[in-house]
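Hello,

Here is the structure I said I would pass on. My notes on it follow below.

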Amino acid sequence: MTKLDAHGDPRLAPFGRILRASGLDELPQIFNVLCGEMSLVGPRPCTPTEFASYEPWQRERVNALPGLTGLWQVSGKNKTTFNEMIAMDLFYLKNMSIFLDLKIMLKTFAVIAEQLFESRPAGQRNRQERDPRAPKAPESQGQGGRSPTTQVLHA
């Protein structure tokens with residue numbers, strides 16, 4: 001799973017990079033939430049073309065309202081495979097709760113902050129990385145190179 005606007009994509013304007021990294025480009029979808037067509041937390045929506053190519057077990061992920069953020073977004077997102085994304089969505093659907101939604105929403109803010117840091121030009125990042133007083137970015141991968149959610153799913 002890779003984003004179409006991967007880091008260094010020349011088609012993306014500098015301000016566009018900030019919009020994407022901060023998630024502000026998703027803000028208009030708040031109207032979909034207010035209309036009841038989406039939820040704050042849930043699997044990301046897919047296109048009809050994508051859905052048509054899903055295997056039967058993968059289609060279960062659409063049995064809930066799509067969300068602005070979800071377990072996949074805060075558990076490695078573009079560092080996961082398609083099947084891992086589907087597994088996280090199914091895990092979420094089977095374990096939906098207010099507590100899980102709150103946890104995902106809180107983690108969303110941390111992920112957005114990390115994405116904003118990563119979207120900064122390389123020169124600014126290198127200066128901060130060389131500064132011993134600069135705070136270190138948290139490790140996003142757990143043991144064995146898997147995200148904590150993926151570890152839960154495989155346990």
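Among contacts between residues at least 6 apart in sequence, 61% join residues at least 24 apart. Please keep in mind that this is a predicted model.

The protein has 7 helices and 2 strands, and their order along the sequence is α-α-β-α-β-α-α-α-α. Of its 155 residues, 27% count as buried. The accessible surface comes to about 10200 Å², and carbon and sulfur atoms account for 63% of that surface.

R61 sits in the loop between α3 (48-52) and β2 (67-69). Is R61 buried or exposed? Its relative accessible area is 3%, which is under the 20% cut-off, so R61 counts as buried.

The helix is α4, which covers residues 82-94. Its 13 residues reach 19 Å from the first C-alpha to the last, close to the 18 Å expected at 1.5 Å a residue. The buried residues in α4 are M85, I86, M88, D89, L90 and Y92.

What else is R61 in contact with, leaving aside neighbours within four places in sequence? The list includes M85, I86, L90 and L93, along with D89. R61 is also in contact with P43, R44, C46 and Y54.

Regards

Terms used. Residues numbered from 1 in each chain as written. Predicted model: local features only at pLDDT ≥ 70, side-chain atom pairs only at ≥ 80, totals over all residues. Heavy atoms only, no water. Helix = DSSP H or I, 4+ residues; strand = E, 2+ residues; numbered from the N terminus. Expected span 1.5 Å × (residues − 1). Buried < 20%, exposed > 50% of the residue type's maximum accessible area, 1.4 Å probe, protein only. Contact = heavy atoms within 4.5 Å. Areas by Shrake-Rupley, 256 points an atom, 1.4 Å probe, with all protein chains shown as cover.
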